[in-house]
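Please read the following note beside the sequence and the model.

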Amino acid sequence: MDRVSLSIAEGETLGLVGESGCGKSTLGRLLLRLIEPTSGTVRFAGRDLTALDARELRRARRDMQIIFQDPFGSLDPRFTVAQVIAEPLVIHAGDPDIGKLTKVQRRRRAGELLRAVGLDDSALGRYPHEFSGGQRQRIGIARALALRPRFIVGDEPVSALDVSVGAQIVNLLLRLQREFRLTYLFISHSMPVVRYLATRIAVMNAGRIVEIAGTDEITARPQHPYTRTLLAATPEVRA
């Protein structure tokens, strides 16, 4: 990662696109301090996350969540769906408002979140292995929403799914953004997916942001040769 600088406005989707291994996921994890930066700062809502102690960072993380790439490996197979979704509520039980939730209330919230992502309460008592990849990703999204965050990093959340299922997840993310007033960093190696979802696009190559602009500007008037290469490799569907 080399001299990366970007900002994300409240309520927008910034798409981060580039080939595998260019540093996209590393950047996403740095923003959440899941990986510690060796230099520089990460600011969220005016606060420097790199300066927070463990207690302050724990509190800040309520507002920042991640949707992982692998819907098969990101859910604990020992937990029921209700336990998976409610796990963030248990982890943050020391927070005054969350600590007041009873086990019944946590399960009720898990059911509400399941319905929000297009599943029903019958899934609560079942285990992750009983669901398809797309359904598991919906469960992972419900878990990410449990703490009612403001900012979500989507780390290639549709790359492991079939195209049709991935399209459903992308449309779900758009709907949830409106309903929950979310801000996204959406990481992908797929320019068509990013172009559909994002307000702006940042193009990464070899650990550096080589271009960042509005989606229409990037796709119509790319400035960097690497961006032009990505766009040239994007398949077009013509009637």
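1. Axes are lines fitted to C-alpha atoms, for helices over the stretch in contact, and angles run from 0 to 180 degrees between N-to-C directions. Helices (H or I, at least four residues) are DSSP runs, numbered from the N terminus. The model is a predicted one, in which local features need pLDDT of at least 70, side-chain atom pairs count only at pLDDT 80 or more, and totals for chains, interfaces and linings use all residues. Residue numbers start from 1 along each chain as its sequence is written, and side-chain values use heavy atoms, leaving out hydrogens and water.

2. Helix α3 (residues 81-91) and helix α5 (residues 103-116) cross at roughly 115 degrees, and their axes come within 9 Å. That makes α3 roughly perpendicular to α5 (angles of 65 to 115 degrees count as such).

3. The contact (heavy atoms within 4.5 Å) involves Val-81, Ala-82, Ile-85, Ala-86, Leu-89 and Val-90 of α3. From α5 come Arg-106, Arg-107, Arg-109, Ala-110, Leu-113 and Leu-114.

4. Which angle separates helix α6 (residues 133-145) from helix α7 (residues 163-180)? The angle is about 20 degrees, and the axes lie 10 Å apart. α6 and α7 are therefore roughly parallel to each other (angles under 35 degrees count as such).

5. On the α6 side, the residues that meet α7 are Gly-134, Gln-137, Arg-138, Ile-141 and Leu-145. Their partners in α7 are Val-165, Gln-168, Ile-169, Leu-172, Leu-173, Leu-176 and Phe-180.

Methods
Helix = DSSP H or I, 4+ residues; strand = E, 2+ residues; numbered from the N terminus. Parallel < 35°, antiparallel > 145°, perpendicular 65-115°, else oblique.
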